[in-house]
Amino acid sequence: MTHRVLIPAIDRALEVGEEQTILEVALASGVAYPHGCRRGRCGSCKSRLIEGEVDLLPHTPFSLTEADKQNGLILACRARPRSDCSVAWLNEPATQTASQTA
């Protein structure tokens, strides 16, 4: 099963499989997604989950704190979608939503 992940910054949606991360598919699709270590250690791919649900693979508390999670942040390199999602890079305006880009 795949889930659609919308990235409003580039007005593009990706199909992400159950065992794939958002970052993995984005990079394989040629998207210049901000990232660093790809292992949940640096926080460079920290993104805002606008809508949808993800499971997070293990990561360091330094890269994504409990407060970050409560504020809707994820690590794209550790996020496996469990529904259709929309994610925003942290440098995007906080008020932008998926419906505003459609």
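Analyst: Helices (H or I, at least four residues) and strands (E, at least two) are DSSP runs, numbered from the N terminus. This is a predicted model, in which local features need pLDDT of at least 70, side-chain atom pairs count only at pLDDT 80 or more, and totals for chains, interfaces and linings use all residues. Residues are numbered from 1 along each chain as its sequence is written, and side-chain values use heavy atoms, with hydrogens and water left out.

User: How many helices and strands does the protein chain have, and in what pattern?

Analyst: There are 3 helices and 7 strands in the protein chain. Along the sequence they follow the pattern β-β-α-β-β-α-β-β-β-α.

User: Which residues have a positive phi without being glycine?

Analyst: One of them is R38, with phi near 70°; R38 lies in the loop between α1 and β3 (46-51). Another is D11, with a positive phi of about 50°, placed in the loop between β1 and β2.

User: Is D11 buried or exposed?

Analyst: D11 is exposed, at a relative accessible area of 54%. Buried means under 20% relative accessible area, exposed over 50%, and partly exposed in between (1.4 Å probe, protein chains only). Of the 102 residues of the protein chain, 42% count as buried.

User: What about the largest nonpolar core?

Analyst: A nonpolar core is a set of buried Ala, Val, Leu, Ile, Met, Phe, Trp, Tyr and Cys residues joined through side-chain atoms within 4.5 Å. The largest one has 23 residues, and L14, I22, Y33, V54, I74 and V87 are those with the most contacts inside it. The elements giving two or more residues to this core are β1 (2-7), β2 (12-17), α1 (22-28), β5 (73-75) and β7 (85-89). Of these, α1 gives the most, with 4 residues.

User: What does L14 touch?

Analyst: Leaving out residues up to four places away in sequence, L14 touches H3, R4, V5, I7, V25, A26, S29 and V31. Contact here means heavy atoms within 4.5 Å.

User: Changing topic, how many disulfides are there?

Analyst: The structure holds 0 disulfides, a disulfide being a pair of cysteine sulfur atoms within 2.5 Å. For C42, the nearest cysteine sulfur is that of C37, 3.7 Å away. For C77, the nearest cysteine sulfur is that of C45, at 3.6 Å.

User: And how accessible are C42 and C77?

Analyst: C42 is partly exposed, with a relative accessible area of 32%, whereas C77 counts as buried at 4%.
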